[in-house]
Amino acid sequence: TAILDGGKETGVTLMLLDAELDHGPILQATSYKLQATKNFIEVRNDLARLGAKLFFEVAPMWVAGEVKAAPQDHTQATFTKKISKEDGKIKLSQGDTLGDKSVALLNYRKLLAYREWPGIYFFTERNGKKTRVIVTAAHIVDGRFAIERVKPEGKKEMSYADFQRGFKFN
């Protein structure tokens with residue numbers, strides 16, 4: 001969600017468990033600056049390393065009684081929603097890479113955030129048949145969402161240029 005929302009930072013928190021979800025008292029937290037080009041997998045791996053490092057720093061102090069748990073400020077809690085496959089659908093302008101800059105940025109953030117699942121895709125029609133096309137690589141250039149590679153339903157991954165030569169957009 002932080003990637004999708006264009007957040008500047010996220011982080012990891014060591015906390016004690018209680019009966020509620022993400023509710024227990026905090027032992028320690030640290031922030032992580034998000035980079036505009038890192039995808040979910042890269043951020044997840046960085047956060048896992050950061051969390052492990054924090055755990056190994058704090059655990060001995062917790063066992064020795066040198067760290068006290070502090071209650072969370074629940075007014076600062078952030079929420080997300082369950083991700084569905086439909087969340088990966090993107091909008092293209094007339095089937096090309098042009099379009100509204102805010103739509104282009106949202107498409108790019110979806111590519112980064114939904115890297116592992118659900119991925120991002122659009123639909124096109126060919127010979128009266130609707131086809132899902134998965135976008136596997138893209139970038140932002142001059143405010144445009146520039147698609148590099150795609151995987152059409154039932155086909156192998158290919159360059160977007162090759163795809164455009166072989167498919168008619170609806």
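**Figure 1. Strand β1 gives the most to the lining of the largest pocket, with 6 residues.** The model shown here and in the other views is predicted. Besides β1 (9–15), β2 (26–33) and α1 (40–63) each supply at least two residues of this lining. In total, 35 residues line the largest pocket. Those nearest its centre are Thr10, Gly11, Asp22, Thr78 and Phe79. The volume of the largest pocket is about 1,600 Å³. Sorted by class, its lining holds 17 nonpolar, 12 polar and 6 charged residues.

**Figure 2. The second largest pocket has 13 lining residues.** Gly6, Gly7, Gln35, Ala36 and Arg109 lie nearest the centre of this pocket. Its volume is about 240 Å³. The lining of the second largest pocket is made up of 6 nonpolar, 4 polar and 3 charged residues.

**Figure 3. Tyrosine 121 and phenylalanine 123 form an aromatic pair.** A pair of aromatic rings is described by the distance of the centres and the angle of the planes. The count for this model comes to 4 aromatic pairs. In the pair shown, the ring centres of tyrosine 121 and phenylalanine 123 are 5.6 Å apart. Their planes meet at 80°, and an angle over 60 degrees counts as edge-to-face, so the pair is edge-to-face. Tyrosine 121 has a relative accessible area of 5%, under the 20% limit, and is therefore buried. Phenylalanine 123 has a relative accessible area of 31%, which lies between 20% and 50%, so this residue is partly exposed.

**Figure 4. Phenylalanine 122 and phenylalanine 163 pair edge-to-face.** The distance is 6.2 Å centre to centre, with 75° between the planes. This pair links distant parts of the chain, as its two residues are 41 residues apart. Phenylalanine 122 belongs to strand β3 (residues 120–126), while phenylalanine 163 belongs to helix α3 (residues 160–166). Phenylalanine 122 is at 3% relative accessibility and counts as buried. Phenylalanine 163, at 0% relative accessibility, also counts as buried. Ring pairs join Phe122 and Phe163 with Tyr160 in a cluster.

**Figure 5. Lysine 130 and arginine 132 each lie over an aromatic ring.** Lysine 130 is placed over the face of phenylalanine 123, at 4.7 Å from the ring centre. Arginine 132 has its charged end over the ring of tyrosine 121, 4.1 Å from the centre of that ring.

Terms used:
Residues are numbered from 1 along each chain as its sequence is written. This is a predicted model: local features need pLDDT of at least 70, side-chain atom pairs count only at pLDDT 80 or more; totals for chains, interfaces and linings use all residues. Side-chain values use heavy atoms; hydrogens and water are left out. On a 1 Å grid over the protein atoms alone, a cavity is a set of points where a 1.4 Å probe fits but cannot get out, and a pocket is an open set with protein on both sides within 12 Å along at least five of seven lines; lining residues have an atom within 4 Å of a point. Grid points are joined across faces, edges and corners, and a volume is the space filled by probe spheres set on the points. Helices (H or I, at least four residues) and strands (E, at least two) are DSSP runs, numbered from the N terminus. Ala, Val, Leu, Ile, Met, Phe, Trp, Tyr, Cys and Pro count as nonpolar, Asp, Glu, Lys and Arg as charged, and the others, Gly among them, as polar. Rings of Phe, Tyr and Trp (its six-membered ring) pair if their centres lie within 6.5 Å; planes under 30 degrees apart count as stacked, over 60 as edge-to-face and the rest as tilted. Buried means under 20% relative accessible area, exposed over 50%, partly exposed in between (1.4 Å probe, protein chains only). A charge sits over a ring if NZ of Lys or CZ of Arg is within 6 Å of the ring centre and within 35 degrees of the ring normal.
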